[in-house]
Structures are given as structure tokens and as C-alpha cells.
Amino acid sequence: MDLDLRKLRYFVAVAEELHFGRAAERLHIAQPVLSRQIRSLEDDLGTEIFVRDRRGTLLTPAGEQLLEDAVPLLASAEALVRRVKTAALGTPTLTIGFMPGITVTPATAVFTTRHPDVNVRLLRTSWHDQVEVLLDGRADVGVVRLPIDQHGLEVRPLFQEPRVVMLPAGHRLADKASVTVGDLAAEHLLQDPDAVPEWRDVALELRGDRRPEVPPIHQVEEKLELVASGAGICVIPLSTAGFYTRPDVIALPVEGIGPNKVALAWVASRRSPLVRDFAEAAAQTLGRPAERPPAH
């Protein structure tokens with residue numbers, strides 16, 4: 001049996017929304033059409049993948065397994081199409097993803113010296129898509145900030161750097177040379193508490209139901225705008241803090257918080273010599289993060 005990728009895309013939409021109406025809107029198709037396609041997929045697989053009852057739409061065990069496998073399969077298919085279209089242009093291309101605050105110029109300079117005929121492209125990524133762009137082919141290789149889901153990836157450590165807390169300039173701790181995790185116990189953290197487990201251990205707002213809602217934040221600039229307004233604090237890598245300096249926000253070292261680890265990653269099944277050569281250039285040239293927060 002050949003799987004229909006279109007049906008798989010429909011399935012993933014329903015599985016993520018757990019609602020046929022919302023999934024149909026997301027896919028820009030009529031709900032009856034979506035329902036027929038899902039029933040057709042179940043016929044193809046010979047099993048139910050959703051349970052539909054008065055409580056709503058739920059995944060069956062088979063559906064949960066299909067979702068786990070379908071997402072990377074669809075990403076691989078998308079990556080294949082992108083690479084074929086790029087190859088058809090006739091010019092070798094290497095797209096490098098990189099996280100805010102990380103400078104990849106030394107590595108790209110070495111790489112282009114060795115491969116002057118290759119078109120090097122750069123793609124700025126975020127915490128939310130630094131792995132996604134590798135899986136779906138938007139980037140061939142990425143300079144990523146750990147931790148990430150390393151399933152299906154080859155990951156090579158590059159360096160690690162301190163993390164700092166970002167505070168508004170008028171904050172009660174702003175005049176300190178450094179702070180401890182305990183000093184931040186009463187603060188509102190503008191990010192997932194799991195990203196700063198040391199803070200989670202002492203956070204007052206995590207006791208009971210006291211934690212205010214944190215809006216979706218996808219860019220460093222958004223975080224710093226909220227910090228400057230007094231909405232809360234955030235903990236970010238030192239090089240990121242140095243890259244986004246502004247007078248109304250300061251960076252302070254935090255005693256007791258572990259470093260951020262930076263690595264190179266690419267899809268493990270890729271056998272591209274260009275990726276391997278860039279990895280070698282990155283290992284030779286990257287790895288010297290900033291040593292102290294910017295002065296304030």
C-alpha cells in the first residue's frame with residue numbers, strides 16, 4: 001500500500017486540532033471533504049485512528065503512533081521537494097540556520113574559501129523552529145541552542161556560554177553586579193519554566209495557581225519589549241544579550257544557573273559533503289562566546 005501524503009497532512013491537522021471543524025478551516029477545505037478523506041485513510045490502514053463521541057475527537061493508540069511517524073515523514077517529503085527544486089537551479093547551495101546572538105561569519109568565510117562556487121544562504125531561526133527548518137529542508141545545517149529533540153539528527157557540540165537575566169533598567173536588582181537564583185524567586189518569568197529549571201525550584205509564582213499567563217513569544221525582541229515594560233524577566237544566553245543591547249534593559253550574571261550549550265545539527269540521513277565541510281569549518285572557527293555581560 002502506498003500512503004497518500006495529502007491524506008496524511010489532513011490527518012495531522014485533525015490530530016493537532018482534535019476538532020474536524022477547526023482542522024477543515026486550517027486546511028481551507030469543507031468539513032465533509034475532510035471527514036471523507038480521514039475515513040479513506042482509515043480504510044487504507046485497516047484501523048481506526050480517531051474516536052469520535054460526545055466528548056469530542058480523540059486519537060486511538062494507532063492514531064497516536066501514526067501522528068508520531070507522520071510529522072517527520074511529511075517534513076522529509078517537503079525537504080525532498082525543496083532540495084530537488086534547488087538542485088534544478090544548477091548552482092550548489094548550502095543554507096545555514098542560526099540562532100539569535102550567534103555569529104556564523106567565521107565559519108562561512110572558511111567554507112566559501114574552500115567552496116567558492118557554492119551559494120551560501122543564511123536563515124535566522126528561533127527556539128520554536130530551529131529543528132523544524134532542518135527537518136523540512138529550509139536549512140541544510142543549523143547552529144542550534146540546546147536542548148533540542150535530537151531524534152533523527154546528528155548533533156556536534158561547539159561551545160557553551162553563560163546565561164544572564166534580563167531586567168528593566170529601574171529594577172530593584174539593577175544596581176547589583178550579579179544575582180543569585182534565590183534573588184529571582186519572586187519574579188515573573190516570561191518563558192517556559194522548564195527552560196530554567198534552577199529558577200523553577202525556587203519560584204514563588206509556581207506555588208499553587210499564582211503564575212500569570214505568559215503570552216506566546218517567538219522573538220527575542222518581543223521578550224525584551226516585555227522586560228522593558230516591567231512585565232517580567234527572562235533568562236537568555238550571554239551572546240544574545242550582547243547582540244540586543246538597549247538602554248532600558250540590563251543583563252546581569254546569575255549565580256547558580258547552568259550555561260547554554262551551542263551545537264551544530266543536521267538530518268542524520270543526509271550524506272551531503274557540503275554539510276560535512278561546513279561542520280568542519282564550524283568546528284575550527286566557532287566557539288568563542290562573549291565573556292561578560294554588556295556594561296550598563
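Biologist: Is R172 buried or exposed, and what is its relative accessible area?

Modeller: R172 is exposed, with a relative accessible area of 55%. The cut-off for exposed is over 50%, so R172 falls in that class. Keep in mind that this is a predicted model.

Now the partner. R172 makes a salt bridge with E187. The closest N and O atoms are 2.8 Å apart. This pair links distant parts of the chain, 15 residues apart. R172 sits in the loop between β7 (163-168) and β8 (179-180). E187 sits in the loop between β8 and α7 (197-200). E187 has 11% relative accessibility and counts as buried. The cut-off for buried is under 20%, so E187 falls in that class.

By the rule used here, the count comes to 22 salt bridges. One of them is between R26 and E16, at 2.5 Å from N to O. That pair also links distant parts of the chain: R26 is in helix α2 (residues 20-27), E16 is in helix α1, and they are 10 residues apart. R26 is partly exposed, at 39% relative accessibility. E16 is partly exposed too, at 46%.

R82 and E78 form another bridge. Here the closest N and O atoms are 3.0 Å apart. Both residues lie in helix α4 (residues 61-88). They are four residues apart, about one turn of the helix. R82 counts as partly exposed at 30% relative accessibility. E78 counts as partly exposed at 37%. There is a network here as well: salt bridges with shared partners join E78, R82, E132, D136 and R138.

Then the rings. A search of the whole structure finds four aromatic pairs. One of them is F11 with F50, a tilted pair. Its centres are 5.4 Å apart, with 45 degrees between the planes. F11 lies in helix α1 (residues 5-17) and F50 in strand β1 (residues 50-53), so the pair ties together parts that are 39 residues apart in sequence. F11 and F50 are both buried. Ring pairs also bring in F20, giving a cluster of F11, F20 and F50.

F111 and F278 are another pair. Their ring centres are 6.1 Å apart and their planes stand at 75 degrees, so this pair is edge-to-face. The pair links distant parts of the chain, 167 residues apart. F111 is in helix α5 (residues 105-114), F278 in helix α10 (residues 273-285). Both F111 and F278 are buried.

Last, confidence. The mean pLDDT of the protein chain is 90. Of its residues, 96% reach 70 or more. Residues 289-295 stay under 50. For that stretch the model has 15 contacts beyond four places in sequence. Where pLDDT is low, the predicted coordinates should not be read in detail.

Notes
Residues are numbered from 1 along each chain as its sequence is written. This is a predicted model: local features need pLDDT of at least 70, side-chain atom pairs count only at pLDDT 80 or more; totals for chains, interfaces and linings use all residues. Side-chain values use heavy atoms; hydrogens and water are left out. pLDDT is the predictor's confidence in each residue, from 0 to 100. Contact means heavy atoms within 4.5 Å. Rings of Phe, Tyr and Trp (its six-membered ring) pair if their centres lie within 6.5 Å; planes under 30 degrees apart count as stacked, over 60 as edge-to-face and the rest as tilted. Helices (H or I, at least four residues) and strands (E, at least two) are DSSP runs, numbered from the N terminus. Buried means under 20% relative accessible area, exposed over 50%, partly exposed in between (1.4 Å probe, protein chains only). A salt bridge is a side-chain nitrogen of Lys or Arg within 4 Å of a carboxyl oxygen of Asp or Glu.
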